[in-house]
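Please keep the sequence and the model in view while reading.

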Amino acid sequence: MKISIITIFPEYFPQALAVGILGRALEARLVEVDLIDLRDYAEGTHRAVDDAPFGGGPGMVMMPEPLAKALDPLEGTHRVLFTPVGRRLDQAMLDRWSDLDHLTLVCGRYEGVDERIAEHFIDEEVSVGDYVLAGGEVAALLVTEGIVRLLPEAVGNPCSVVFESFREGLLEEPVYTRPSVFRGWQVPEVLLSGDHRRIAAWRTAQRRERTRDRRPDLLEGKCNVEEW
Ligand code: JDK
């Protein structure tokens with residue numbers, strides 16, 4: 001798989017791409033990340049990539065021409081633009097993109113990109129969450145990491161990834177490791193019992209309780225409140 005990232009800050013990425021699952025996947029050539037410096041497609045002595053907004057208002061807007069020039073050779077790839085006004089990122093999008101041969105991620109800056117780029121050079125506009133970043137780079141890194149860990153052979157134990165799709169949209173249960181007593185705090189007794197039926201029941205109860213408490217939105221339309 002290849003991921004092309006268009007950005008005015010290519011230097012943002014290399015350290016993050018070198019560590020952990022991402023670093024191993026890149027080394028093993030399971031994925032190639034191509035960092036494209038938008039500045040290389042800008043003209044003039046100042047290599048400007050931004051200009052004032054038509055109609056007035058604060059800030060600057062990414063000019064269409066450098067983005068179009070960078071995106072022309074990437075026609076036919078799946079092109080994602082990060083923006084606070086996109087459809088909200090979810091695991092299903094990452095699952096879908098992880099099957100692609102070539103994904104293009106476009107990172108804006110300033111107040112965003114000229115709308116004609118979004119209309120004519122982009123396949124999906126995506127928001128990574130309901131908060132405002134200063135640009136798309138954090139989003140591109142987040143998506144790259146989320147995709148690469150889904151690639152077969154990128155993760156030590158592929159079962160742990162496959163297993164996720166069977167979790168039915170509930171939050172995961174709490175996990176514990178040794179020691180069984182840490183600073184006086186005991187691991188739940190059931191986890192030490194060796195009774196796998198009781199453990200499974202406890203885990204399910206924990207997942208429901210957590211989801212009800214922290215992410216009730218995940219339960220909407222799922223079930224009657226009594227039962228969960
Ligand atoms: C790409 C530039 C910064 C964009 C204007 C005014 C209130 C903001 C700053 N999920 C998510 N969050 N943030 C992004 C994202 C931000 C970006 C870019 C992605 C490119 N920025 C920016 C727009 C505004 N707007 C009203 C909301 C301010 C993605």
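## Ligand surroundings

An N or O atom in the side chain of Ser 127 lies 3.0 Å from a nitrogen atom of the ligand, where a polar contact is a pair of N or O atoms within 3.5 Å. A polar backbone atom of Gly 129 is 3.1 Å from a nitrogen atom of the ligand, and for Leu 133 a backbone N or O atom is 3.0 Å from a nitrogen atom of the ligand. Of the 17 residues around the ligand, those that come nearest are Ser 127, Val 128, Gly 129, Tyr 131 and Leu 133; a residue is near if one of its heavy atoms lies within 4 Å.

## Basis of the model

The model is predicted; local features need pLDDT of at least 70 and side-chain atom pairs count only at pLDDT 80 or more, while totals for chains, interfaces and linings use all residues. Residues are numbered from 1 along each chain as its sequence is written, and side-chain values use heavy atoms, with hydrogens and water left out.

## Helices α2 and α6

Helix α2 (residues 20-27) and helix α6 (residues 137-148) have axes, lines fitted to C-alpha atoms over the stretch in contact, that come within 9 Å and cross at roughly 70°. Angles run from 0 to 180 degrees between N-to-C directions. Helices are DSSP runs of H or I with at least four residues, and strands are runs of E with at least two, numbered from the N terminus. The two helices α2 and α6 are therefore roughly perpendicular to each other, a term for angles of 65 to 115 degrees.

Ile 21, Leu 22 and Ala 25 of α2 make the contact with Thr 144, Glu 145 and Val 148 of α6, contact meaning heavy atoms within 4.5 Å.

## Backbone features in loops

A cis peptide bond, with omega about 5°, joins Arg 178 and Pro 179. Pro 179 is placed in the loop between α7 (158-164) and β8 (181-182).

Note on methods:
Parallel < 35°, antiparallel > 145°, perpendicular 65-115°, else oblique. Polar contact = N/O pair within 3.5 Å; in protein donor to acceptor, adjacent residues only side chain to side chain.
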